[in-house]
Amino acid sequence: MKVHPSVKTVCRRENKTKGRYRIRKVHPIAGEEKTETIYKEHGIKIKLDLNKTYFNPRLSHEREIIENKVKKGEKIGYLFAGVGPFALVIAKKNPDVEITAVELNPEAYKYLEENIDLNNFTGIIKPINEDVKKLKGYNFERVIMTMPIYSEEFLNSVLKNISNEAIIHYYSLGEEPDYYEKPMKELKKHIDNFEVLDKREVLNYAPGKKEVVIDIKIKD
Ligand SMILES: C[S@@+](CC[C@H](N)C(=O)[O-])C[C@H]1O[C@@H](n2cnc3c(N)ncnc32)[C@H](O)[C@@H]1O
């Protein structure tokens, strides 16, 4: 705190990311006793509580990659939205899109709503506090599935809510030596015909394990 005077609180990590809501608890050890903060990235503000919501600043580069792939006017399903970072970054660069942001954790959903307001994206990002498995009647042209651990469980529901030739960003965990083998198997199991547009290593997850993403386009 002496070196960086803007730092008001120092926290210690208490555990690894856990549970369906993917929360990693922290404990304040110096400065103000609080875990709520506003993080700034790509010209947007992201308000969150470290002890109640998922957030990972190391996904900043991945958000930038997705932001650059989005096309004008697209109908986007941002699933597992957390406090909204991908949607906020996309809306900043492409105010012309329509993003439905779906999040189940009520605490994360509260911040998602607040962040839409804070960055003046009302009308561009529509938040929904719902289980992705219960989605019905959508026709997304692009789907961002940011739930690498359980992603396969949600593919059937996603496939019922997309348009022809939709693009899916499928985040998943892969293992050495071929990090893409397991996610590719999952995709082939659920989808008859698709084209791989791109694939990337996103984060180191554990020794021998990485979070990867495969971008696919659905074919008839
Ligand atoms: C790995 S986090 C990603 C959050 C956000 N996209 C980000 O990049 O910061 C996954 C999120 O999915 C939410 N979630 C878990 N199960 C869900 C479900 N069935 N439907 C909707 N959201 C769910 C969790 O609460 C968590 O916020």
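Figure 1. At a relative accessibility of 12%, arginine 22 counts as buried, because the cut-off for a buried residue is under 20%. The model shown here and in the other views is a predicted one. Arginine 22 belongs to the loop that links β1 (9-13) and β2 (26-31). Its phi is near 55°, a positive value in a residue other than glycine. Most residues other than glycine have a negative phi.

**Figure 2. Strand β9 and the residue glutamate 165.** Strand β9 spans residues 162-175 and is mostly covered, with 11 of its 14 residues buried. Glutamate 165 lies in this strand. Its relative accessibility is 44%, and glutamate 165 therefore counts as partly exposed. Although glutamate 165 is not a glycine, it has a positive phi of about 60°.

**Figure 3. The two strands paired with β9.** Strand β8 (residues 140-145) runs parallel to β9, and five bridges join the two. Within this pairing, valine 143 has isoleucine 168 of β9 as its bridge partner. Strand β11 (residues 209-218) runs antiparallel to β9, and nine bridges join these two strands. Here leucine 173 has glutamate 211 of β11 as its bridge partner. In a regular strand, side chains alternate between the two faces of the sheet.

**Figure 4. The seven-stranded sheet.** An open sheet is formed by seven strands in the order β7-β6-β5-β8-β9-β11-β10, with mixed pairing. The edges are taken by β7 (125-129) and β10 (194-206); each has a single partner strand, so one side of each is left without a neighbour in the sheet. From one strand to the next, the twist averages 15°. Elsewhere in the sheet, strand β5 (residues 75-79) and strand β6 (residues 98-103) run parallel and are joined by five bridges. Leucine 79 has valine 102 of β6 as its bridge partner.

**Figure 5. Helices packed on the sheet.** Helix α1 packs on the sheet and touches β8, β9, β10 and β11. The direction of α1 makes about 165° with that of β10. Helix α5 also packs on the sheet, where it touches β9, β10 and β11. The direction of α5 makes about 145° with that of β9.

**Figure 6. The contact of helices α1 and α2.** Helix α1 (residues 60-69) packs against helix α2 (residues 85-93) at an angle of about 45°, and their axes are 9 Å apart. This angle makes α1 oblique to α2. The crossing of the two helices is right-handed. On the α1 side, the contact involves Glu62, Arg63, Ile66, Glu67 and Asn68, which meet Pro85, Phe86, Val89, Ile90 and Lys93 of α2.

**Figure 7. A cis peptide bond at proline 177.** Proline 177 is located in the loop between β9 and α5 (181-190). The peptide bond that leads from glutamate 176 to proline 177 is cis, with omega near 0°. Most peptide bonds are trans.

Technical notes. Residues are numbered from 1 along each chain as its sequence is written. This is a predicted model: local features need pLDDT of at least 70, side-chain atom pairs count only at pLDDT 80 or more; totals for chains, interfaces and linings use all residues. Side-chain values use heavy atoms; hydrogens and water are left out. Buried means under 20% relative accessible area, exposed over 50%, partly exposed in between (1.4 Å probe, protein chains only). Helices (H or I, at least four residues) and strands (E, at least two) are DSSP runs, numbered from the N terminus. Two strands pair if DSSP finds at least two bridges between them. Axes are lines fitted to C-alpha atoms, for helices over the stretch in contact, and angles run from 0 to 180 degrees between N-to-C directions. Angles under 35 degrees count as roughly parallel, over 145 as roughly antiparallel, 65 to 115 as roughly perpendicular and the rest as oblique. A crossing is left-handed if the near helix is turned anticlockwise from the far one by less than a right angle, and right-handed if clockwise. Contact means heavy atoms within 4.5 Å.
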